[in-house]
Amino acid sequence: MDLRPDVLLAILLLGVASYACRAGGFFLMRYVAITPRVEACLRAIPVALVGAILGPVAARGGPPEWAGLAVVLLGMRLTGNELVSTIAAVAVVAGGRALGL
Amino acid sequence: MTDGAISRSFTLDGLREGVLGVRVLIPGTAMFGMAFGVMAKAAGLGVWEAVLLSAWVNAGGAQMATLQAWADPVPLLAVVLTTLAMNARYLLLGAALRPWFGGLPAGQSYPSLFVLGDANCAMGLRRHADGRSDAAFILGSGFVLWLVWVAATAAGHAFGQVLGDPRRLGIDFLLGAFFAAMAADWLGRRGNLLPFGVGVASAIAIDRWLGAPWSILIGASLGALVAAITWREEAGDGPAT
């Protein structure tokens, strides 16, 4: 069993942060209503976050990563299956790197 | 959204309905958990660290997003902010449960919220709207998914152990691929394209001089801010994931 103190502290804090989100909305609704504009903002946070993760992945990547991203989008359009699309993309990236692209 | 009544019932039958009702989600959760275990191994987490993380945090998207910022030592502020950003949508799920769960004693509602997820929340609210309002459904269904999630994390980590060099196998791209699949799903909904685009563009610009995780956090904030500013009455079915 190998548990580092900084990792343990991070896990503790992340769990508290997650539960605060789960319980926070329920708790606050006793006192305030969420306005539609705030709701739009809360809904947009994870969408923007995913965009902000993907932007640098695309910008730092080369042809294998670009092909991988294209394969995910194509796979999702054709199959709608996240797992199939994801694994196909990883295979494309591994293949591209093996070819030295 | 919910026409059902406020719930006073929290029974073993409801718990059992939750356990059985969520079976269809087990394969998907197991695969997602396996993928997280593989990625956690590639990011340098030990098996017990990964299992503890899944058991205590219990939020797939947030856990994956924090791996993007993970380093040795762990940048605490960055991973906490990333988790808060990814889980901000849970505020809405919790708020949506208020009409249904508001009448329960805190000893029943608050433990249930620990295993609240996108899928079992949607299922539970649909059942509640149909008049099946036993509130123990969330705890039963959430507990099963939690067990699967934790076990799959351990299995994925073990699988990652026998895999070779993560970069050669493209494992480092798995995270990006998962988020791209998520984005493909979300971008079909109105109002999501703008915050997504702002997130992409600002993160690329910031990445040049600050790097991750600040590119991710600032990009997410700017995207959400633009969504709030441009919000109009008729706009916006956001992500439901």
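Residues 24 or more positions apart account for 80% of the contacts in chain B with a separation of 6 or more; two residues are in contact here if their C-beta atoms, placed from the backbone, lie within 7 Å. This is a predicted model, where local features need pLDDT of at least 70, side-chain atom pairs count only at pLDDT 80 or more, and totals for chains, interfaces and linings use all residues. Residues are numbered from 1 along each chain as its sequence is written, while chains are lettered from A and ligands numbered from 1 in the order in which they are written.

**Confidence**

- Chain B averages a pLDDT of 90, and 94% of the residues score at least 70; pLDDT is the predictor's confidence in each residue, from 0 to 100.
- For the model, ipTM is 0.88 and pTM is 0.86.

**Overall build of chain B**

- You get 11 helices and zero strands in chain B, with helices (H or I, at least four residues) and strands (E, at least two) being DSSP runs numbered from the N terminus.
- The radius of gyration of chain B is 19 Å, close to the 18 Å from the globule rule for 241 residues, so chain B is as compact as a globular protein of that length.
- That radius is taken over C-alpha atoms, and the globule rule is 2.2 Å times the number of residues to the power 0.38.
- The C-alpha trace of chain B spans about 55 × 50 × 30 Å along its principal axes.
- Of the 241 residues in chain B, 53% are buried; buried means that 20 or more other C-beta atoms lie within 10 Å of the residue's own, exposed means 12 or fewer, and partly exposed is in between, with C-beta atoms placed from the backbone.

**Where chain B meets chain A**

- The contact takes 83 residues from chain B and 59 residues from chain A.
- On the chain B side, the elements giving two or more residues include helix H3 (47-57), helix H4 (60-69), helix H5 (76-101) and helix H11 (214-230).
- H5(B) gives the most to that side, with 19 residues.
- The chain B side that touches chain A divides into 57 nonpolar, 20 polar and six charged residues.

**Two domains in chain B**

- Chain B is divided into domain 1 (12-162) and domain 2 (187-230), with bounds that come from an automatic or database domain assignment.
- The C-alpha centres of domain 1 and domain 2 of chain B lie 25 Å apart.
- Their contact takes seven residues from domain 1 and five residues from domain 2.
- On the domain 1 side, H4 and H5 of chain B are the elements that give two or more residues, and H5(B) gives the most, with four residues.
- The residues of that domain 1 side divide into five nonpolar, two polar and no charged.

**The nonpolar core**

- The largest nonpolar core has 108 residues, and those with the most contacts inside it are Ile45(A), Ala48(A), Leu49(A), Met39(B) and Leu174(B).
- Such a core is a set of buried Ala, Val, Leu, Ile, Met, Phe, Trp, Tyr and Cys residues joined through C-beta atoms within 7 Å.
- H5(B) brings the largest share of this core, 14 residues.
- Both domain 1 (12-162) and domain 2 (187-230) of chain B give residues to this core, so it lies between them.
- Not counting residues up to four places away in sequence, Leu174(B) touches Thr86(A), Val90(A), Ala35(B), Val38(B) and Met39(B).

- The buried residues of H3(B) are Glu49(B), Ala50(B), Leu52(B), Leu53(B), Ser54(B) and Val57(B).
- Their cover includes helix H1 (5-28) of chain A together with helix H2 (26-42), H4 and helix H8 (136-162) of chain B.
- Asn58(B) follows H3(B), with a positive phi near 55°, and is found in the loop between H3 and H4 of chain B.
- Asn58(B) counts as buried because it has 22 C-beta neighbours inside 10 Å.
- 10 of the 10 residues of H4(B) are buried, so H4(B) is largely enclosed by the rest of the structure.
- A cis peptide bond, with omega about 0°, joins Asp72(B) and Pro73(B); Pro73(B) is found in the loop between H4 and H5 of chain B.
- For context, most residues other than glycine have a negative phi, and most peptide bonds are trans.

Key
Ala, Val, Leu, Ile, Met, Phe, Trp, Tyr, Cys and Pro count as nonpolar, Asp, Glu, Lys and Arg as charged, and the others, Gly among them, as polar.
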